[in-house]
Amino acid sequence: MTEILSIEKLSKTYSLSLPWSRWVRRYLWKDQSVPQIRTAVENVSFSVQEGEIVALIGESGSGKSTILRLIAGLEKPQKGQIQIEKKTVSTPEHCTAPETRQIGMVFQNYALFPHLTIRQNITYGLHQQNKKQQQARVTEILDLLQLKDYAHQSPHQISGGQQQRVALGRALASKPQLLLLDEPFSNLDVMLKAPMRQEIRKIIQETKTTAIIVTHDEKDAFALADRIIILRQGEVQQIGTPEEVYHQPQNAYVANFFGKTNLLNETEKNKGAKLEDGRKAIRPENLTLAKNGVRGVVKDVTFYGQYYEVVVEPKEGEEELVVYTPNLEGVEVGATVSVTHQD
Amino acid sequence: MSKFLCLRFRQLLRAYCNPWVLSCLLITVTVALPIFVIFSHLSWDGSGGKESLSELGIQEWEFEDALDNTGILMLGTGLITLILGSSTAWLVTFYRFPGSKLFSWGLVLPLAIPPYIASDTYWNIFDYTGYIPYTLAKQGINPLYFIENFAHDMEGAIFIFSFVLYPYVYLLARASFLQQSGSLLESSRLLGRGSWGTFFRLGFPLARPAIIGGVALVLMEVLNDYGAVERYGIKTLTTMIFKVWTEYESYSGALHLAAILLLLVFFILALESIQRWGINYTVLTQGKQGEKPQLKKGKAFAAFCCCAIPFGFGFLIPTGQLLYWASQTFSQVWDRDLAWSIINSLSLAFVASTLTMILALVMLYSLRLHKTTLLSFATKVATLGYATPGAVVAAVVILSLTWLDQTLLYSLFFLPLILGYVIRFLRLSFYSIESSGFDQISPSLDEASKSLGATPGRTLLRIHLPLLRPALIIAFIFVFVEVLKELTLTMILAPPSSDFFTLSTITFRLAVTDGVPYRAATPSLIIILAGIIPVFILNYLLYRDSKND
């Protein structure tokens, strides 16, 4: 396995453009409370192996899209460096132009050229090849994406799912070393998302492409990625496989990011994943209502379809426990129950 | 430290040493820098300039008179256009009454009539042989008092300016009213404010930035005008620049006056931007207005009159009079001069608008590629010319060309004129291409093109140019028509041969210098007809988003 991408200690800040009144406050009245810069990415390092699919996940403003734009060369870093196939492409002093990087990018709004047909859109990036090669490659891509029948239509004449496939095909046409996908599913209907995830994973795997996906939806990350990188306010929180980040979160933020978690003080009887701060995280579905274990009073029961959420208050001064259970078996609000950890 | 400086220098060099940035800066320097050079001719202690004026035999009181007249003209026109523009826009946008649909676009039409053409027409309507004085005389009233004190005086000039320039206020006010959420106004009505209260407490304050912006445009047109005030014999700063320049042939005197005029313009621009300070709310655009209330009987009649008066005086009467004159004289006016003036006008307009379009495109694209503070400042400076009165632009062109070479001005023939048009109308082209072109193209298209290996040049050619085509056409038409209408600049910078005419200068010569307004009707109508095209485009662009119309 060779390393396709390597990022070292990358940082990016933006200087805010201040409106008149705030400019006066900042620079004439020297009001320090007016911020000048916003930190988007802070000291981020990771690497991506050939053929791997990596997901960058975080809330909005966590810097995930900025990292993608830095890799593509659309932004310049303030610190750190980016290497693609051992060649340094971005440092604060020098950035190679995006058009020379051989990176494919799928944009959130697809960014299809509205005045070109589907076929012309896909051909756009192949201008260095001759006509024959272009023809062959476009036909190949159209076959792969099952878009043959739409080749001569305009982007606005086809559906959202098809537009997304065109965007993917356009990015893949020139066989990029690295494929970047920026929130690829956020513009799709909920019903379309699941099949599109499957399809895109299939296409990426078939073409043996190395890919980085930016998303805020943990389902996208779990379904597609080999590794997940969780970001918060520009800083990496954890890097690991989907199972690792879900079952062995390193801190409370990561634990809560992927759904409700019981964070318990460290005692011997509490099992579960140990966090950096010493607490332990236990997923609600790993707890069951049982005869033995921690005793408490049921405070609230909510039905969510696949499961019931039961909130149990053990004793005064202790944290509430949340338990997911497929059936209640007679448990109701006010009843005394025991909670235990599944093995 | 020196290493750091060296590094920083290389970074700067890399950032600014590329063809796009350099050409953008070059355009700014050639187009805008002369405007600032003119200030060096303003003597701050008041001695130098005035000395040269008094040496020319111009008394101090003459200068003060010109300043006073300019001020009164601006004040009167500003107030009347404010009232006419905002009230008609309010009525047409929020009520239905007989003719409201027709007025909604008809009220813009006076914009097609340059003030100097309207003033010629009204001068002759109100002249001794005109209809109103004739009727007055028939009633046994001496019309002389009316003619000399109202129709052919300051009042007459303010009347002309107000009724042909109010559409600037109307257009911007209406665009702003249309953006105001219908539900906002409906809630005001439900909270018990009547329609007057709603206008003064809600509609007007929300649209105020736009309305004042419109008034500022009107004032700049007033400062720009030469033809109308000359016709009415009112001494303003602009006519004074002319006089000093053509009669006394004094560079420095004209430049001194031009600098004062420019200061006045900057003062208006400053006031206009100050009134926008502190406005950080965005007007809701959601919630379209429901059914417009239908006005009945007396109210409907009042609303109709309110719109019919500006439309009538601003467009119908002058156009009707011109049509009548033209039909009477059409067969006699076709001569070599008129034919040549049309050819001259069209070719000048074609060259100027093509050049302006290309320059604006280059600047906008450089700005899109390198959105640095320096470049956005440069483009702002380069487009200042639109606020600069024609007489000042002319002075600037003369100044810069004579600075290069004393004989250059007369040997270049068309070039000074083209340069003047470019300086003055670059903003128009720039703004059209920006707002209906580049702003509509998502930046992710540029990025997609880049990531697919396209250089900036290829992206411009393959992506932007095809998408920009409508905006480029609009920019071309706007500048084309403005060049046809432009009088002040053309008169000063036209090649100094006695038989060189454009449509606007031949109109002015026939109507004012030769005193045969009937013969000027045909070229006037050609200019007006050409002027109607961009009015319709403007109307379409401003209101295409509002479906309730």
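A: Start at G104(A), which stands opposite L179(A) in strand β7 of chain A. This is a predicted model, so local features need pLDDT of at least 70 and side-chain atom pairs pLDDT 80 or more, while totals for chains, interfaces and linings use all residues, and side-chain values use heavy atoms without hydrogens or water. Residues are numbered from 1 along each chain as its sequence is written, and chains are lettered from A and ligands numbered from 1 in the order in which they are written.

G104(A) belongs to strand β6 (residues 103-106) of chain A. Helices (H or I, at least four residues) and strands (E, at least two) are DSSP runs, numbered from the N terminus. β6(A) pairs with β7(A) (residues 178-182) in the parallel sense, over four bridges. Pairing needs at least two DSSP bridges.

What lies on the two faces of β6(A)? I103(A) and M105(A) are on one side, with G104(A) and V106(A) on the other, and all are buried. Buried means under 20% relative accessible area, exposed over 50%, partly exposed in between (1.4 Å probe, protein chains only). Both faces of β6(A) are therefore covered.

Chain A also has an open sheet. Its four strands run in the order β2-β1-β4-β5, with antiparallel pairing. β2 (37-49) and β5 (87-90) of chain A are the edge strands, each pairing on one side only. From one strand to the next, the twist averages 30 degrees. Inside this sheet, β1 (residues 3-15) and β4 (residues 79-84) of chain A are antiparallel and share five bridges.

Now turn to chain B. It has 25 helices and zero strands. Of its 549 residues, 55% count as buried. Contact means heavy atoms within 4.5 Å. Among contacts in chain B with a separation of 6 or more, 83% join residues 24 or more positions apart.

V229(B) sits in helix α12 (residues 227-231) of chain B. V229(B) is buried, at a relative accessible area of 1%. Leaving aside neighbours within four places in sequence, V229(B) is in contact with L73(B), F161(B), I234(B), T236(B) and T239(B).

α13 (residues 237-247) and α14 (residues 251-274) of chain B pack at about 165 degrees, with axes 8 Å apart. Angles run from 0 to 180 degrees between N-to-C directions, with axes fitted to C-alpha atoms. That makes α13(B) roughly antiparallel to α14(B). Under 35 degrees counts as roughly parallel, over 145 as roughly antiparallel, 65 to 115 as roughly perpendicular, and the rest as oblique. L237(B), I241(B) and W245(B) are among the α13(B) residues at this contact, and α14(B) brings residues including Y251(B), L257(B) and L264(B).

The other pair is α4 (residues 60-94) and α15 (residues 297-333) of chain B, whose axes come within 10 Å and cross at roughly 130 degrees. They are therefore oblique to each other. Here L84(B), S87(B), T88(B), L91(B) and V92(B) in α4(B) meet A303(B), C306(B), C307(B) and P310(B) in α15(B).
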